[in-house]
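Take a moment to turn the structure below around on your screen. Then let us walk through it together, one part at a time.

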Amino acid sequence: MAPSASGEDTLQTAQRVLALAGEDTQVTVIRERSLLSRFARSAPTQATAVDDTTVEVLVVRDGHTAVAATNRLDDDALRATARRAEDAALASARSGPGLHPGLAQPAPVRNHSGFDVETARLDPARAAAALREVFAAAAEHGVEAFGVWTAGAVRTAIASTTGLALDDEVTDTFMKVVCRDAGGRSGYAAGTAVAASALDAATLGRRAAAKVTGEPLAELGPGIYPVVLEPEAVGLLLEFLGMLALNGLAHAEGRGALSGRIGTPVAAQGIDLADAPRSERTLQRAFDFEGVPKASVALIQDGVAKGVVHDRRSAAVAGGAARSTGHAIAPGGSPWGPAPTNLVLAGGGAADVAELTAPIERGIYVTRLWYVNTVREKETLLTGMTRDGTFLVEDGEVTRPLRNVRFTDSVLRLLAATEALTSAQRLVSEGEFYGRRFAQGVVCPALRAGGFRVTGATE
Amino acid sequence: MTDPPSDRAGSATAPMLDLLTGLMASAPKRCAYAEARHVATDSEGVLVRNGHVEQVDSDASGGIGVRVRVGGGWGFAATREATRAGAERALARALAIAESQPVAPAGPLAPVQPARGHWSCAHERDPFDVSLQDKLELLFAAEAALRGDPRIVRSDAACASRRVRSAFASTDGAACTQERLECGAAIAVIAVDGDELQVRSYPGAHEPSAACAGWEHVLEFDLVGHAPRVAAEAIELLTAPPCPSGRATVILGGEQLALQIHESIGHALELDRMLLDEAAYAGTSWVSPADLGTLRYGSEQLRITADATLPGGLGSFGWDDEGVAAARTELIDEGILRRALSDRQSAAAIGLERSGGCARADGFARQPIVRMTNVSIEPGDAGTLADLVADTGEGLYLETNRSWSIDDRRLHFQFATETAREIRGGELGRLLRNPSYAGVTPRFWRGLDAVCSASEWRLWGLANCGKGEPGQLMRVSHGTAPARFRDVQVGVA
């Protein structure tokens, strides 16, 4: 198991709570320590440090689940929390048998390399140094820097009446830089890793600044264009694919975009997509929120749909040979289903993005996407904007900055129309951290696809 | 009704207020400003799905967040340890973080009258006094009324309740406590036939249509009574003709108009965005501080207020999270932009004499940032929805949000709704599936030519407004009445 730098034994806490609870109970204890520094106009603006421990008590009664949570760790509060969960589960059970298959049995979990002791120190001096490096890089280019540097250490323990006694600690770090000139032109670069030492702030600053050019903005009207998507844009689209097509519950209920399509071609032959939680390039975890070991799952192979991810709840709904793949995102499984959290899209044969743009006569180069939302679930039809580095591609070369465009297109259609991918992949993340910190990212290359549907542009 | 602030601290929060005021009294002199908040939140969510209890979750958590300013640098530290020792450690951590920052400009904060007293929102029946059995009984009845057609693959009935008790103290002399109670409920179905999938929700798509109110708010929805219509419309949508493409006159229903205001007015008028503080995440704004007082934002029918004193609003409070008293602010009058949403720092940055009272934080572990309160369109004089439809002749009536997206300057947007109804000859006609519309903010709002009267005006709660890093989900309300827009691009998706 990964070593702890926190000094608090979360597993002992989980076992203490379990002793206060009744039968068929799982206790999940999560300690988050994190530090986040924001900056704007090449100056620090906000800095947030969080130290919090959440205890979640899951009780299963006759196929019904109830979860009660608290962050008070005294016995009285923990006993009251356990009682709340028990009472709620019993009240639910009065409605008749439920569908939950019960708590997970112990299974071996693997060690991983998703923890870095230096990062877990959350030293504000490291954050300050990263900011200074970015400010200097931006100043060299005559632009201002905006963005965030953050690091977190999250320790998760699970104890259950079925004998689970698990403990895991992970770290993550994320930095994004938006460089902006006086006219509002902007460029973006970001990095994410297990260890803060793996992020090179100055390089990120220079990459973001290099995307800010003073040339006049070109404009493109609505239409169909070939597109090159950088890994940040690809990663966000794949996260949506995870929700809409690879979620085992949606799939089992017939709502999923791959429902009825497993074993059939859904993407170009060069598309190999997996959830690979054991890959050292991802943000690894040992087990999911039901205590099930994280398993690798082939999702699309050679363009053919192969499978979806499951938690115990969705596997029970799916029936047959379906089993949890270790993708529960909440104790007892989320009502919204499981999710792939370690997506890896295999690279292709292109040496770099220049090779991707080379065959394009007139098209679009996209650094990142913004405010993407689902339009029609079964079609994986999304809409969103480009942002912080959109360029026109003419005669095989990136030529001019382009006014941000709105796209309305299907992720599966884009994957089916993918013509080439870079060999190099990058771990990308949105780094948003709403609620309890749960860092996740997608490992993916840049790609070129045909027929990108532009439905508008901003002004 | 919303209670006016009283002089007495809430009994549940008084000991914590003593702790925080003591902490502020001991804040080191090197700290130019400090504030401390204790927030304790109780929440419960219940979901019945496809005939089974799918979820019963509850949470009782709290802690202290301390924010300090040293020179121009800010530091914020949050801890679950709600003790004097825990608070002192958080204060020390916040100071260490602020002092480690690269040098930042030390601009002023807008002055504030120290917040004193206690505020709470009134309610008739505390939702935490309603038994889980009674809640389940209501939800089972509503959910059962959604089922029947095999094409309905998911039927949901849900309710949620939330109580937030807070105490706030600052080195500016603030010492106040607040207690808010919220609840809401909703029903929704997903219908699938082959590759076609349709959704229908009531009373809104953004769960769970909450208000700052008691259980009486949930009972007013009559979920059981509306369920058969919701299910029938979802089934009808599966085979309804698609929404046509082109330009049309549209009437937006109240919930969709709430989101339209939220995305294309509320966020655009956040002063921190205008000042580029959010440029790396939430974005900037097409509006600049220099536009205040002169910019034509929309037609003369457009009157927008931000009102943190509205009874029932999720954005209502006694004081914001910097201790600034709740206020009603005219943002847009007869289409002209008047004011922005601000906190103490952004207000001072553009020379305003006082904050707009819009600093809000998501729980104890996040620091306050500029947020909407209750940003609403004022009622017009177009009568009822039926009157407006009758006056319209030809067009589309769009209802209940399904998809939303807008650029990082809040200019180009695209929305989809669950339903559209044709308007022909001044009457509502057949249902159309997959409706969508797009536009550019000032042109769209200049197309506004009628707003229904006060009898149609109500608050819509949105509990999932994302902003800030680390991410914060804020709860806001928008008052709307159905309104009509001319020459809108429809059928874009």
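A word on the ground rules. Residues are numbered from 1 along each chain as its sequence is written, while chains are lettered from A and ligands numbered from 1 in the order in which they are written. This is a predicted model, in which local features need pLDDT of at least 70, side-chain atom pairs count only at pLDDT 80 or more, and totals for chains, interfaces and linings use all residues.

How confident is the prediction? The model scores ipTM 0.95 and pTM 0.96. The pLDDT is the predictor's confidence in each residue, from 0 to 100. Chain A averages a pLDDT of 96, with 98% of its residues scoring at least 70; chain B also averages 96, and 98% of its residues score at least 70. One stretch to treat with care is residues 1-7 of chain A, where pLDDT stays under 50. Where pLDDT is low, the predicted coordinates should not be read in detail.

Now look at chain A as a whole. It has nine helices and 19 strands (DSSP runs numbered from the N terminus: helices are H or I with at least four residues, strands are E with at least two). The C-alpha trace of chain A spans about 70 × 55 × 35 Å along its principal axes. For 459 residues, a compact globule would have a radius of gyration near 23 Å, and the 23 Å of chain A agrees with that (the radius is taken over C-alpha atoms, and the globule rule is 2.2 Å times the number of residues to the power 0.38). Of the 459 residues of chain A, 63% count as buried. Buried means that 20 or more other C-beta atoms lie within 10 Å of the residue's own; 12 or fewer makes a residue exposed, anything in between partly exposed, and the C-beta atoms are placed from the backbone.

Why is strand 5 of chain A largely enclosed by the rest of the structure? The reason is that 15 of its 16 residues are buried. Strand 5 of chain A pairs with strand 4 (residues 144-160) in the antiparallel sense over 16 bridges (two strands pair if DSSP finds at least two bridges between them). Here A:V154 stands opposite A:V170 of strand 5. The hairpin of these two strands has four residues between them, and within it A:G163 takes a positive phi near 105 degrees. Strand 5 of chain A is also joined to strand 6 of chain A, by eight antiparallel bridges, and A:T173 has A:A193 in strand 6 as its bridge partner. In this second hairpin, five residues lie between the strands, and A:G184 has a positive phi near 95 degrees.

The loop between strand 5 and strand 6 of chain A also holds A:R185. Is A:R185 buried or partly exposed? A:R185 counts as partly exposed, because it has 18 C-beta neighbours inside 10 Å. Leaving aside residues up to four places away in sequence, A:R185 touches A:R180, A:V212, A:T213 and A:P401 (two residues are in contact if their C-beta atoms, placed from the backbone, lie within 7 Å).

Next, find where the chains meet. The contact takes 71 residues from chain A and 68 residues from chain B. On the side of chain A that touches chain B, strand 2 of chain A gives the largest share, eleven residues.

Finally, move to helix 2 (residues 84-100) of chain B. This helix has 17 residues and reaches 24 Å from its first C-alpha to its last, close to the 24 Å expected at 1.5 Å a residue (the expected span is 1.5 Å times one less than the number of residues). Its buried residues include B:A87, B:L91, B:A94 and B:A98. An α-helix has 3.6 residues a turn, so residues three or four places apart point the same way. The buried residues of helix 2 of chain B pack against elements of both chains, among them helix 3 (124-140) of chain A and helix 1 (14-25) of chain B.
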